[in-house]
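Work through the two exercises below with the sequence and the model at hand. Each task is followed by a solution in steps.

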Amino acid sequence: MTVSSKSELRSKFKNIRNSIMQNQRVLKSKVISDKLIEIIRRKKYTNIFIYNSFSSEVMTGDIISKLVAEKINVYLPICNIHNETMKAAKYNSTDVYTENIYGIKESSNHFIEMPNRLDLIVAPGIVFDKKGNRIGYGKGYYDKFIKSLNYKPVIIGLCYSEQIYHEVLNADLHDEKMDMIITDMDIFICKR
């Protein structure tokens, strides 16, 4: 896929996602949240890396709260804008969270506490296909983070059903595929 067609899809699907009414995003996010929590419980995952939602993304606030209440370790991204990489910071409800330059809330503590092994990475995206390909925001933060690990955790993408592209997205070599995609309508099991 050419850069221009990737950016065209990114723009088109970002507009689609933004056009979903706020009350519908809340309802859809609840359905997606319930599905993800059930999978985490069933698989007995204990170390979860999950994005802190912003803008019109699938909302993760309730997911984070429920996981913490169940004594599951939650790690949130801290972005390094200079080299476009990210690290994992263990969630602490007493930390002060401030918006980074992208508008995403990050712990101002910036104490990086990475577990020996993450069981699951929950990734946002702008458009996904049913084979596990994903187009994110274009900086490659998640791809680089996943590649930096010396093991492959399970990777689940969250999106609204409107964000599923019904053709196959041509992935670049550096693009990490999802193992599963959860929407408000479906769960797609993808092969890496």
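**Exercise 1: the cavity lining**

The lining of the largest cavity consists of six nonpolar, two polar and three charged residues. The model is a predicted one.

Task: state how many cavities of 30 Å³ or more the structure holds, and find which residues line the largest cavity.

Solution.
- Step 1. One cavity reaches 30 Å³ or more.
- Step 2. The volume of the largest cavity is about 40 Å³.
- Step 3. Its lining is made up of N52, L76, P77, I78, A89, K90, Y91, Y97, K105, E106 and S107.
- Step 4. At least two lining residues come from each of strand 2 (73–80), strand 3 (85–90) and strand 5 (105–107).

**Exercise 2: a helix pair**

Task: determine how helix 2 and helix 3 are oriented to each other, and which residues make the contact.

Solution.
- Step 1. Two packed helices are described by the angle between their axes and the distance between the axes.
- Step 2. For helix 2 (residues 22–43) and helix 3 (residues 61–69), the angle is about 30° and the axes lie 9 Å apart.
- Step 3. Angles under 35 degrees count as roughly parallel, and helix 2 and helix 3 are therefore roughly parallel to each other.
- Step 4. Helix 2 and helix 3 cross in a right-handed sense.
- Step 5. On the helix 2 side, K30, S33, D34, L36, I37 and I40 make the contact, and on the helix 3 side I63, K66 and L67 do.
- Step 6. By class, the contact residues of helix 2 with helix 3 are five nonpolar, one polar and three charged.

Conventions:
Residues numbered from 1 in each chain as written. Predicted model: local features only at pLDDT ≥ 70, side-chain atom pairs only at ≥ 80, totals over all residues. Heavy atoms only, no water. Axes fitted to C-alpha atoms, helices over the stretch in contact; angles between N-to-C directions. Helix = DSSP H or I, 4+ residues; strand = E, 2+ residues; numbered from the N terminus. Parallel < 35°, antiparallel > 145°, perpendicular 65-115°, else oblique. Left-handed = near helix turned anticlockwise from the far one by under 90°. Contact = heavy atoms within 4.5 Å. Nonpolar A, V, L, I, M, F, W, Y, C, P; charged D, E, K, R; others polar. 1 Å grid on protein atoms, 1.4 Å probe; cavity = no way out; pocket = protein on both sides within 12 Å on 5 of 7 lines; lining within 4 Å. Points joined across faces, edges and corners; volume = space filled by probe spheres on them.
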